[in-house]
Amino acid sequence: MKSRVLLGVTGGIAAYKTPWLVRLLVESGMDVHVVMTRAATQFVTPLTLATVSGNRVEHDMWEKPFEPQIEHITLADQADVAVIAPATANIIGKIASGIADDLLTTMFMAVTCPALICPSMNVNMFRNPVVQRNLNRLRELGYHVLDPASGYLACGWVGEGRLPEPECIVEEIRGLLAPRDLEGENVLVTAGPTEEPLDPVRFLTNRSSGKMGVAVATRALARGAHVTLVAGPINIPVPQGLKHVPVRTAQEMHDRVMEVSSRMSVIIKAAAVADFRPAVESADKIKKEFAEPHIPLAPNPDILKALGARKRPDQILVGFAAETGDAVENGRKKLVSKNLDLLVVNDVTRPGAGFDYDTNIARFLHRSGLEEEFEIMPKRKVADLILDRVRDLRKNLKTGGER
Ligand code: PMT
C-alpha cells in the first residue's frame, strides 16, 4: 500500500518549490494530500498542487457544506507522515504555542504520525531568538526539524533560511517512513574518490561522485543506525544527522577509518580509493621544462584489507569492487583475500552502472558462496538491498548462525 503524506504548505516564497516536491513524492510511490494556508495560495495555486498530486487540495476549513466526516481529523488520522514545507515563522510559532485557527494548524494538532517541519524564511527571521526558541520547543515535543540550507535568499540576503532542495526533503520523508531495523548499529561508510597530490595544483583521482556511498549512508541513517561517513572530495548533499568526516587522500581516509573502526559494528566501503599516489609531492608547481615525462608511483595502504585483518567476530564488513573484466572471478578473490562478509560487484563498463550514475547494476557475492544478480536500479535501492543483507547477517550472527 502507498504511504500517505500529508503536506502542509504555508505562505513563503519557497512555496514555488512545492509542485516539484509533490511530483517527486508521487514518483516515489507516495499518495500526497496537500493542505494550504490562505497565504500559501498567493504563491502557488491549489490547482497546480491538485494536478501534480492527483488529489483534492484543501485550504479552507469552511468551504464545503457540512459532511458527517470531520475532514481535518480524517486527514490527520490517515497520514503516515505529516510535513510542513515551507514552514514560515508564523506557522512554527503557532504550532509551538498550540494555536489551531485554520485547517492546517487544526489538522496538525491532530496528527499522531511522525511530523517534519521544514523552516524557510529570511536569515534574520530565522536567527530571531523567538523563532529559535519555537523550533527548539518543537524538537523537544518530538517534531523533526529539517535545518534550512544556506545561500541566496529571495529577500536579497545571503545566509541560512533557504528551503532545502525537494530531493533532500523527499529523503527526509523516506527516512521517517523507513523501518528502524538498524537501530543500535554503528555503521561506517566510505564514499567518493581520493585525491593524490602531485604538486600544489595537480592530483591523481578517479570519477567517483560519492553517490553510491552517500546513498548507503543516507539509508542506514533512515533505518535507525548511527552513521559515520568518511568521504573523499564530493560535491553532493550529505544528510543531516550523520557524522561526516571529509578527507582528501587515501592515507587520510585510512587514518580516519582506522581511528573509528573498532567502535563500528558494520563497515561498508564504497569509496574508490586510489591504489597508488605520486611517490613525491612537489612543493612547487612542476614546470614543463623541468618535468620528467613520467610520474613515479608509490602504493597506498589497502584500507579494506587492513579492516579485514582486524575484523572482530561480531563486525560485518562489506566491500565494493569496481570491475571492468571478469567481475565475478576477481570479486571472489577479493572476498576471500580481504575477509569480507559481502562484496558488491559493479561492472563499471556497463551503461547505468558505477561512477557518477544515479543507478547501478550490482551483483552480490556472499561469504557463504551465494550469488545474487540484480537489474539496473537507483543507487538508493541498491543501498537498501545491501542494508537488508547486513540486517539478515546480524540476525544470523545473533542466533549463532554462520556468516
Ligand atoms: O561514487 P559513485 O560515482 O556513486 O560510484 C560508485 C562506485 C563505482 C565508486 C562504487 O560503486 C564502487 O564500486 N566502489 C569501489 C571502487 C573501488 O575502488 O573498487 P576496487 O575494486 O578498486 O576496490 C575494492 C574495495 O577495496 C573497495 O571497497 C575499496 O573501497 C577498497 N579499497 C581499494 C583500494 C585501497 N587502497 N583501499 C581500499 O580500501
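**The whole chain**

Begin with everything shown as a cartoon, bearing in mind that this is a predicted model. The C-alpha trace of the chain spans about 80 × 60 × 40 Å along its principal axes, and the secondary structure amounts to 13 helices and 21 strands. If you colour by accessibility, buried residues account for 51% of the 403 residues in the chain. Among contacts between residues at least 6 apart in sequence, 67% join residues at least 24 apart.

**The two domains**

Next, select residues 4-177 as domain 1 and residues 186-398 as domain 2, and give each its own colour. The C-alpha centres of domain 1 and domain 2 lie 37 Å apart, and the contact takes seven residues from domain 1 and six residues from domain 2.

**The largest pocket**

Now display the largest pocket, which has a volume of about 1,600 Å³. To centre the view, select Glu 167, Cys 168, Glu 171, Glu 172 and Thr 218, which are the closest to the pocket's centre of the 46 residues that line it. The elements giving two or more residues to this lining are helix 1 (18-27), strand 5 (144-145), helix 8 (166-177), helix 9 (211-222), strand 11 (226-231) and helix 13 (379-398). Helix 8 contributes the largest share of the lining, eight residues. With the domain colours still on, you can see that domain 1 and domain 2 each supply at least three residues to the lining of the largest pocket. Colouring the lining of the largest pocket by residue class gives 24 nonpolar, eight polar and 14 charged residues.

**The second largest pocket**

Move on to the second largest pocket, where about 760 Å³ of space lies. Of the 36 residues that line the second largest pocket, Ala 271, Ala 272, Val 273, Phe 320 and Ala 322 lie nearest its centre, and the elements that give two or more residues to that lining are helix 9, helix 11 (303-309) and strand 16 (316-323). By class, the lining of the second largest pocket divides into 17 nonpolar, eleven polar and eight charged residues.

**Helix 10**

Then show the side chains of Ala 250, Met 253, His 254, Val 257, Met 258, Val 260 and Ser 261, which are buried in helix 10. An α-helix has 3.6 residues a turn, so residues three or four places apart point the same way. Which elements cover the buried residues of helix 10? The cover includes strand 8 (186-191), strand 9 (196-199), strand 11, strand 13 (266-269) and helix 11.

**Val 187 in strand 8**

Finish on Val 187, which lies in strand 8. Val 187 has a relative accessible area of 2% and therefore counts as buried, the cut-off being under 20%. Leaving aside neighbours within four places in sequence, show what Val 187 is in contact with: Ala 220, Ala 225, His 226, Val 227, Thr 228, Met 264, Val 266 and Ile 268.

Notes:
Residues numbered from 1 in each chain as written. Predicted model: local features only at pLDDT ≥ 70, side-chain atom pairs only at ≥ 80, totals over all residues. Heavy atoms only, no water. Buried < 20%, exposed > 50% of the residue type's maximum accessible area, 1.4 Å probe, protein only. Helix = DSSP H or I, 4+ residues; strand = E, 2+ residues; numbered from the N terminus. Contact = heavy atoms within 4.5 Å. 1 Å grid on protein atoms, 1.4 Å probe; cavity = no way out; pocket = protein on both sides within 12 Å on 5 of 7 lines; lining within 4 Å. Points joined across faces, edges and corners; volume = space filled by probe spheres on them. Nonpolar A, V, L, I, M, F, W, Y, C, P; charged D, E, K, R; others polar. Domains from an automatic or database assignment.
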